[in-house]
Amino acid sequence: MDIKQIIQSEPVGENITVKGWVRTFRSNRFVALNDGSTVKNLQVVVDFEKESEATLKRITTGACIAATGKVVESQGAGQSVELICESITILGDANPDEYPLQPKKHSMEFLREIAHLRPRTQTFGAIFRLRHAMQFAIHKYFNDNGFFMAHTPIITGSDAEGAGEMFRVSTLDPKNPPLTEDGHVNHKEDFFGKETNLTVSGQLEGELFATALGKIYTFGPTFRAENSNTTRHLAEFWMIEPEVAFNDLFDNMELAEDCLKYVINYAMENCKDDLQFLHDRQQQDEKALPEDKRSMPLLEKLDFVLKNDFQRCTYTEAIEILKNSNPNKKKKFKYLIEEWGADLQSEHERYLVEKHFGKPVILYDYPAKIKAFYMRLNEDGKTVRAMDILFPGIGEIVGGSQREERYDVLKQKVADFGIEEESLWWYLETRKFGTCVHSGFGLGFERLILFVTGMTNIRDVIPFPRTPKNAEF
Ligand code: 4AD
Ligand code: MG
C-alpha cells in the first residue's frame, strides 16, 4: 500500500508494509515517512526497546526504510492513522554528515543546485505531482473535445517563429567541417543533407494536420536559444499547441479561455492537498511582507481566474491605456510607451492585468511588424489577427493567432520577412490546395505550472531546467 491509499482508506487493524524515505525521526520513536504518493507523511511508531541501537541510529532524514506493522487510530494530533511498527528494515542509508537535505527551510537557489534530490522535498513533490496532473488534464480536455494529438518533429529544417534563436543539430566535426567552394560549412554533407535545428514550435506541422483532421493539438518539447535569464524563460520547455480548422480569432480566444479554466479547475478538484500545501507555503513566505506587497493567496487567485471572464482588449486600446498610465507619465516603466507600434514588455503586460483590468487579459490585433509572418493580415493592412493572453504575476501565458490562409498574401509575407520560400514550400501548399480559415495558439506549459503552483521562478517547475550556461543533471 502506498501512503496516499493508507491515509485515504484508513485500514485500521490491518498488517501492512510501507516503504519510503524518512522525513524526520524524533524522540527515537516517531518517524515521519513519505513515499511521494502524497504530500502527507505517515507516522510510523518505532518500538525503541525492540530495535537495536544500530538500527535506530540509521533512521535518519533521507534514509530509505521498509516498515511492517499494524495500522491503528492515531493517538496524536495531525494524523488520523499511524503505523505501529513491528519490524523495520533499512533499505538505504543517508549519512547525516553528507546528506544535503535537512528538515528545515532551504533556499530555492540551493535546491536548484541539488536538483537530483529536490523532488524529495515537500514543495517539489507537490509541484511535480501537480505538473503530472496538469499534463493529464490537458490531454483529457482535448481528447474529450474531439481533438487528435499530432506528434510534430523535434528536429526541423524551418524556423517557425522567424526569431532565429535555434539550437543547431549537426553531426559534422565542429573542428574540421567540410566546406563549400566559397568557404561556408557544407551542410549537404551533414546528417540530413541540410541545415537542421531543434524546433521552436510545432505549429507549422500542426497546421498541416488541422487542415486534414480538423481539430488537433501538439504537446512537445520546445527549444529556444535566446539569451534570456529571466524568471519566465527556459531554453527547453514544453508547449501545447492546438490548431483548429474553421476557427477565427474569436473562436480561438474562446478555446484558450475554456481550456485554461478547465485545467485550472481540474487541479483544484484533483490536487487539493498539494495546492493547500503550496497555498500555506506562500502565505508563510509572504507573512513578513507589508500587506500591499503580498500577492493574492494562491487558492483565491485560482478561484478568481475561474470566476472572471478574461478581458478582451485590442493592442491599439492597450497602447492608449499605457500611454496615459501613471507609471508611463512618471517615467516608472523601464521602456516608456511613446507610440503605436511599440513591442510590449512584461512590465506593460503586468500593468494591464494587475493594475488596470485586475483580471486576465486577451490582447489582440497587434502591429504586423512585431509578430510572426504566418498571422492573418487585417483589412487595415497594418495589424494582424494575433492574440496574447496575459496572466497576473506571469505576463504572457498564451500566444496565438488566426493564420494567413490566402496563398498570395502569405507568399508575399514570406518574402517580406526574408524567409527562403524553398524551406516552406510544403507549408505554402496547404494554401494552394483546399485552404481554409484556421487558428491556433501556444500555451507554455511551465508558465501554466508557475501560475497554478504560485512559484515565482520557472526553473522550479520543470524537473531539470535548461537555461543559459546551465545544463547540469
Ligand atoms: O508566443 P510564442 O512564441 O508562440 C508560438 O510559438 C506559436 N507558434 C504558438 C502558436 O500559435 N501555435 O510561444 C507560445 C507560448 C508563450 O506564450 C509562452 O507561454 C511560452 O510559449 N514560451 C516560453 N515558455 C518558457 N520559456 C520560453 N523561453 C518561452 N517562450 C515561449
Ligand atoms: Mg509570444
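Between domain 1 and domain 2 of this predicted model, the count is one salt bridge, a term that requires a side-chain nitrogen of Lys or Arg within 4 Å of a carboxyl oxygen of Asp or Glu. The side chains of Asp273 and Lys40 meet in a salt bridge, with 3.7 Å from N to O.

The domain assignment, which is automatic or from a database, places domain 1 at 3-104 and domain 2 at 120-165 + 200-460. Their centres, taken over C-alpha atoms, are separated by 43 Å, and the contact (heavy atoms within 4.5 Å) takes ten residues from domain 1 and seven residues from domain 2. The buried area, that is, the accessible area (1.4 Å probe) lost by two parts on being put together and summed over both, is about 760 Å² between domain 1 and domain 2, with 48% given by carbon and sulfur atoms. Of the area that domain 1 buries against domain 2, Arg23, Val39 and Leu101 supply 59%, more than any other three residues.

Ligand 1 is surrounded by 24 residues (a heavy atom within 4 Å), and the closest are Glu161, Gln203, Arg224, Glu241 and Glu396.

| Residue and its atom | Atom of ligand 1 | Distance |
|---|---|---|
| Glu161, side-chain N or O | nitrogen | 2.6 Å |
| Leu234, backbone N or O | nitrogen | 3.0 Å |
| Glu396, polar side-chain atom | oxygen | 2.6 Å |

Of the 630 Å² of accessible area (Shrake-Rupley method, 1.4 Å probe) that ligand 1 has on its own, the protein covers 93%.

Residues are numbered from 1 along each chain as its sequence is written, and chains are lettered from A and ligands numbered from 1 in the order in which they are written. Local features need pLDDT of at least 70 and side-chain atom pairs count only at pLDDT 80 or more, whereas totals for chains, interfaces and linings use all residues, and side-chain values use heavy atoms, with hydrogens and water left out.

Note on methods. A polar contact is a pair of N or O atoms within 3.5 Å; within protein, one must be able to donate a hydrogen and the other to accept it, and residues adjacent in sequence count only if both atoms are side-chain atoms.
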